[in-house]
Amino acid sequence: MQYKEYKSVNYAAIADEVLAFWKENKIFEQSIEVREGSPTFTFFEGPPSANGTPGIHHVMARSIKDIFCRYKTLRGFQVKRKGGWDTHGLPVELQVEKELGITKEDIGKKITVEEYNQKCRETVMRFTDQWDDLTEKMGYWVDLENPYITYKNEYIESIWHLLKEFYNKGLLYKGYTIQPYSPAAGTGLSSHELNMPGTYKDVKDTSLTAQFKVIENHKSEFLFKASEGEVFILAWTTTPWTLPANSALTVGKNINYVLVKTFNPYTYLPVNVVLAKDLIGKYFSEKGKDGDFEGFESSDKKIIPWTIIAECKGSDLEGIEYEQLLPYVQPEAPAFRVIIGDFVTTEDGTGVVHTSPTFGADDFRVAQQHGIPSIMVKDETGKDVPVVDRRGRFVKEITDFALEYVKEAYLTDDEKEAERIKQGRDKYLSVDERIAIKLKTENKAFNVQRYEHTYPHCWRTDKPVLYYPLDSWFIRTTAMKDKLVELNKTINWKPESTGTGRFGNWLENLVDWNLSRSRYWGTPLPIWRSEDGEEVCIGSVEELVNGIKHALKDDVLNEEQRKKNESFIHSFTHSTFDLHRPYVDEVFLVSASGKLMQRETDLIDVWFDSGAMPFAQWHYPFENKEIFDANYPADFISEGVDQTRGWFFTLHAISGMLYDSIAFKNVVSTGLVLDKNGNKMSKRLGNAIDPFDTLGKYGADPTRWYMITNAEPWDNLRFNLDGITEVRNKFFGTLTNTYNFFALYANLDNYKMSETDRVPYANLPEMDRWILSKLYTLIKEVGEQFDDYNPTKAGRLVQDFVCDQLSNWYVRLCRRRFWQGEMTENKKAAYETLQQCLVTVAQLMSPIAPFYGDWLYKSLTDSIREEAKASNSPLRHESVHFTDWPTYDASWVDANLETSMELSQTVSSLIHSLRKTHKIKVRQPLQRILIPVLSESTREQIRHVEDIIKSEVNIKAIEYIDDDSGILKKKVKPNFKALGPKYGKDMKLIAEGINQLSAEDLKVLEKEKQFLIPNSQFLIALEDVEIQTEDVPGWLVVSDKGITVALDINISEELRQEGIARDFVNRIQNYRKDTGFEVTDKISIKLLNNNEALTAAVEANREYISQEVQALSLEVLSESPANAVEIEMDEFMLVVTVEVRA
RNA sequence: GGGCUUGUAGCUCAGGUGGUUAGAGCGUUACACUGAUAAUGUAAAGGUCCGUGGUUCGAGUCCACGCAGGCCCA
């Protein structure tokens, strides 16, 4: 037996079987070895974190990665894919804390940093077994023998090298970010701490709407033209103490603003103010609208008149300059202008946001984007500091309020009393209140109110937090923004919108990358600093060790520091050192001027870890320079679209900024895997799908095929197990059936393919040429889709070919060729053609369904492997994954033939439809069909496939009628596409005219190629209409896709008898099968003559019947034969004996 | 609140540059076929193309504004 036959197929079992084969023969390793010396195709693995268990979405994401690596291997590239593990970061820390029952506060108290980090290191790799298992079971080929692991010293050393590069280029600097800060506790608060219950409290604060006086110039001209006198922009704040630090006003680009003429409610001076149109009602009463301006001065001033004198968009206000509101401290660069921000709303205030980059996170970001400086003062060491100190007090430069707490809550009762006496008032007035008073008197306040809102408080001191600038280390991405934007344009994004939209916008609005994290488990920032700002950035372990040695020579260090340094040197010489905290914190260096330098305690953002992987995975530049050079940048990466600002960005930023290169050429950003109802999967909700269960039950191939072909990778996938069942039955079932059909008969015929001895094209039957034409077209299109990184379309093409063309048409129509007669050339051609189709399908599908593809390939070709090896022909490979992608050969493609076959399919379908409506079953032969054809080429195309149509629908003859026959009725339809551009508005008239054309008119049109629509001046051309045939009088007619078919349903006696004979054959065949006869058994039949019509039909078709059922004799008896059985036929009762003849 | 994205049959999805009757598979129903048979074929039913406006002779397709879901960011 050349070909294995399979009774029932379990796709999970196939995967297991093939996996065992892969493992035993190291097929993955070989698939890389066989391409040694070929061009490389580089893939970067975005590392998963192994501290969680894998989910079904990982199967999806990794299938995408796997597909293109396999595809490129087939295309002749060597594809190395190094696996990796992401090991640092907050999730690991949180998990450890949860398991130990501790909080961040306890680190260094209940548990040492050393122990804590040790615990993290153990935890993070806890689930690697599960991950490895999934990787294997889903058929993902990635090198897990030598993965990169981000916590390794080598990895960290590479990162340090990169950081030093940034440092040397002046792109790594110490700045600040705005973070929640508790002056009372003297510490920053994490978002976690801010989210603790009870931190947000309702408080009443003094809110203030300030008037910012606009400077008249060309930008603001339109405001002054519309008004007389001074123009102010109104901005609202609940923290008046931040006003001395104001350096910009932010408006919303699309918000509508108005200029209102009115009076200041405190000074009663005439003013013109700008605010959002939607918020007019908050500041002005309806009574004062368009009120009496003239009489205001002499009135009781209870109703302030106002009127709108101009309107504009926020974008019109951009760039307008204004006078500094509280000019205590001058900025170092031009400030005080209107900028655009996306966080402005019209829910509160005036639709204009007072912007202070030192005391607001949004403010900081938007100011940085627009190059607006912060209001800062120099401290005693010359360092820039904000106008509020770390205890929450104004600095001395804010003269009116020097050294006063900005929040009343920071004062004790005693302090308050002392202040009250100093102020000389009955009651202590807070800084906010006194700023309000000051502004009121200076005609700079438009509205002052007590305002109740919720505000976060420090969970330890219960005092309000400040948003305050805290030290942070940054990478100056803004300096290289243009370059990053330019480089991005050379990346092929799938889908494009992620690249231009989400990623492109992100780059356009770039702010400096904040690297600092105040944590314990991560890559330490390799910067050592002295108290007065001398610093060194360490770029390698060697540098560090040299630095330590140098420090030890000096006498700056104390005894303990020396000891710790020596301890590090000791661990280094014994190769037990660790670049994590706390060890690196215990390294003390000495600056050039002989000052002690300690490490900045920050860790770096874990995203830098993953973005550094192109370099760090190879320990570059300390090792593997050649490998790195050959594998940079990546040809292809793929991750979830949520990584756009994560991994995609960090890869891009590091490569772009340091090496002026993109990090990846092609990127597929994938969507989410949702549950079948479109909800996010989560273990908590219990709607998560277990990947191991799924793979075990359905097999990796149907699972992967379903995920890939159901939705394009970048769309969200609604994951439904029923979908896998469908794919399994429809696609894999059909394909396996087709293979089994091939194997069954090939084995019976003892057929064995040869790669060289093939039936030449000239001798191939039409059917074979057709399916091969389809096959070559398929090869081309599938390749194009894979090249375009669209696996969905590639898979769907393969699926359609297998189900619709190969199985439902080629095999179904060619069945006889396989089972009848001796091994003729025709039969040989059928085997060869089918086998070629199947082998090719195995190749084309193998990137998506790697186990099944290999299984199919091997089932089809194992029997000739030895010969193929000997002759070094294409099928010599043990695995489909070593083969070469089939070459597209246009000479096999016959478009004309493909059209013909489509016509035959259409015509057959039409006749089936007619038969059905008239309840004439296919087994009843009919005499003829009539096909009206309007062109000779159509006639030729149908004639080509006449035999196929005839046998498919069981008719004797096909006749054609054309114009000359005179019986053809034609229908004419307007061709809108052609008419539209010519006539436009007159379309309706013309369409009506065309629909009313008579048969005679049509004739004229066809003859003259043009026609004047009656009662109009519209001269239409032949191509302006579509002419179709409609009716054949006296026949049963149906049309579709421009083809009309008429069926002759007269059943002659002869046809009727043939129909009966076919029915008879059918019953005998069923009987043979039910009784368990072998396919090759010859039989004898005895039939009781109990009906003349039946007997006559049998007699008339004796030869046909005998041949079909392999009867050596067929007797009609007048008496019931011995051991007769009764078989029902539509109108008859067969009484027969059917016996095997020896 | 902002950016990106999705919305077509009960379900999952197709529907270049606008062209008048919007398709496929699954599911449902009916019928047929019967040496691929735990397979296969044919057909029927099933649609406010998310909504509202607009552009156009003509809109599922283009534009605007909404609604609903998703992701990321605030």
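**Contacts, salt bridges and helix packing in the predicted model**

H619 touches E154, E157 and S158, not counting residues up to four places away in sequence; contact means heavy atoms within 4.5 Å. The structure is a predicted model, in which local features need pLDDT of at least 70, side-chain atom pairs count only at pLDDT 80 or more, and totals for chains, interfaces and linings use all residues. Residues are numbered from 1 along each chain as its sequence is written, chains are lettered from A and ligands numbered from 1 in the order in which they are written, and side-chain values use heavy atoms, with hydrogens and water left out.

H619 sits in the loop between helix 20 (613-616) and helix 21 (625-630). Helices (H or I, at least four residues) and strands (E, at least two) are DSSP runs, numbered from the N terminus. H619 is buried, at a relative accessible area of 11%. Buried means under 20% relative accessible area, exposed over 50%, and partly exposed in between (1.4 Å probe, protein chains only). The backbone of H619 has a positive phi of about 55°, although the residue is not a glycine. D660, also not a glycine, has a positive phi near 55°. D660 lies in the loop between helix 22 (647-659) and strand 26 (664-670). D660 is partly exposed, with a relative accessible area of 46%.

Two cis peptide bonds are described here. One joins K494 and P495, with omega about -5°. P495 is placed in the loop between strand 17 (492-494) and helix 16 (496-508). The other runs from R581 to P582, with omega near 0°. P582 belongs to the loop between helix 18 and strand 22.

That loop also holds D585, one partner in a salt bridge with R599. A salt bridge is a side-chain nitrogen of Lys or Arg within 4 Å of a carboxyl oxygen of Asp or Glu. The N to O distance between D585 and R599 is 2.9 Å. R599 is in strand 23, so the pair ties together parts that are 14 residues apart in sequence. R599 is buried, with a relative accessible area of 5%.

Across the whole structure, the search finds 60 salt bridges. One of them pairs K595 with D532 at 3.3 Å, N to O. K595 lies in the loop between strand 22 (589-590) and strand 23 (596-599), and D532 in the loop between strand 20 (527-529) and strand 21 (535-537), so this bridge ties together parts that are 63 residues apart in sequence. K595 is partly exposed, at 37% relative accessible area. D532 is exposed, at 53%.

K564 and E560 form another bridge, again with an N to O distance of 3.3 Å. Both residues belong to helix 18 (residues 559-573). They are four residues apart, separated by about one helical turn. K564 is partly exposed, with a relative accessible area of 27%, while E560 is exposed, at 51%.

Two helix pairs were examined for packing. The axes of helix 24 (residues 700-710) and helix 27 (residues 791-819) come within 7 Å and cross at roughly 115°. Axes are lines fitted to C-alpha atoms, for helices over the stretch in contact, and angles run from 0 to 180 degrees between N-to-C directions. Helix 24 and helix 27 are therefore roughly perpendicular. Angles under 35 degrees count as roughly parallel, over 145 as roughly antiparallel, 65 to 115 as roughly perpendicular and the rest as oblique. From helix 24, W705, I708, T709 and N710 make the contact. Helix 27 contributes P791, T792, G795, R796, V798 and Q799. The contact residues divide into four nonpolar, five polar and one charged. Ala, Val, Leu, Ile, Met, Phe, Trp, Tyr, Cys and Pro count as nonpolar, Asp, Glu, Lys and Arg as charged, and the others, Gly among them, as polar.

The axes of helix 25 (residues 721-748) and helix 29 (residues 850-861) come within 11 Å and cross at roughly 10°. That makes helix 25 roughly parallel to helix 29. F732, L735, T736, Y739 and F742 of helix 25 meet Y852, W855, L856, S859 and L860 of helix 29. Eight of these residues are nonpolar, two are polar and none is charged.

V366 is found in helix 12 (residues 361-370). V366 is buried, at 3% relative accessibility. Beyond its neighbours within four places in sequence, V366 contacts T250, I339, I340, G341, F343 and T355. V366 and T250 are 116 residues apart in sequence, yet 8.3 Å apart in space, C-alpha to C-alpha.
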